[in-house]
Amino acid sequence: MDTTIALITGANKGIGFETARQLAARGVTVLAGARDEARGIAAERALRDGLRGGLGGDLRGLRGLRDDADARFVPLDVTDATSVREAADWIEKEFGRLDILVNNAGIAVGGGPPSETDLEAMREVYETNVLGVIMVTNAMLPLLRRAPAARIVNMSSEVGSIAAMTDPGSPLAQMPAGLAYPSSKTALNMITALYAKELRDTPIKVNAANPGYTATDLNGNSGFRSAAEGAEVSVHLATLDASGPSGTLWGYLWSPRGAYGALPW
């Protein structure tokens, strides 16, 4: 089987959907993970029809474009062990391996200063953004090991960078000191680094993606970057060649030039 198989969690909207769309445009067989069946089926249909019928978004600059998409909805709730196991079993039965895993599903609830943190909201965020990534990755790792050179991309954020958030010269240092979401991404960065360390003697590369301040439901669509622009980061890391890095936080750099590169942990 020559086709590249990619699983994207939370692929029914936002950056996850755009990641799926851009990978599909490159000829990748996309498995669109979503916990809501109706939204997952709608995403599959949109992915299949969009490349033919012009679903919005800008595909300029992508190489090897195609006008149809092999996209399939996969029921997947990253916080439910049974759902994760069933998804892994289905992928094994259908394809026997997995080439790309994009841990994109994430939530942001709660707010306010750390001293007013709602612990239930904190637990909810960590269940999805941290524990969900570990559960999905561990379930899919046997399938990823069967691929010639698998890629794991964890959707992180620049707000998870301790260096950037505490540097007085960084725009991020001016952000309100909310606790749940930023700290969950800091934890995800360490998770990324340690999986990369475990897998450093294999062809598998593990990286964290920073899409930048992207307009999604997480921020009330207030970001200045589009979902398509945010997805460019995860697609780049998902398609790294053998010379690419592993164990990095890479993506949009908050600068006048809007460049891409490695961010500090």
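Which residues line the largest cavity? In this predicted model, the lining consists of Thr9, Val78, Asn103, Asn104, Ala105, Thr128, Gly132 and Val133. A cavity is a set of points, on a 1 Å grid over the protein atoms alone, where a 1.4 Å probe fits but cannot get out, and lining residues have an atom within 4 Å of a point. The largest cavity holds about 30 Å³ of space, a volume being the space filled by probe spheres set on the points, with grid points joined across faces, edges and corners. One cavity of 30 Å³ or more is found in a search of the whole structure. Its lining comprises three nonpolar, five polar and no charged residues; Ala, Val, Leu, Ile, Met, Phe, Trp, Tyr, Cys and Pro count as nonpolar, Asp, Glu, Lys and Arg as charged, and the others, Gly among them, as polar. Helix α4 supplies the largest share of this lining, three residues.

Residues are numbered from 1 along each chain as its sequence is written. As the model is predicted, local features need pLDDT of at least 70 and side-chain atom pairs count only at pLDDT 80 or more, while totals for chains, interfaces and linings use all residues; side-chain values use heavy atoms, with hydrogens and water left out.

The average pLDDT (the predictor's confidence in each residue, from 0 to 100) is 90, and 89% of the residues score at least 70. Over residues 52-66 pLDDT stays under 50, and the model has 26 contacts (heavy atoms within 4.5 Å) beyond four places in sequence for them.

Eight strands form an open sheet with mixed pairing, in the order β3-β2-β1-β4-β5-β6-β7-β8. Helices (H or I, at least four residues) and strands (E, at least two) are DSSP runs, numbered from the N terminus, and two strands pair if DSSP finds at least two bridges between them. Strands β3 (71-75) and β8 (260-263) are the edge strands, each pairing on one side only. Strands β6 (residues 205-210) and β7 (residues 249-252) run parallel and are joined by three bridges; Ala208 has Leu249 in β7 as its bridge partner.

Key: On a 1 Å grid over the protein atoms alone, a cavity is a set of points where a 1.4 Å probe fits but cannot get out, and a pocket is an open set with protein on both sides within 12 Å along at least five of seven lines; lining residues have an atom within 4 Å of a point.
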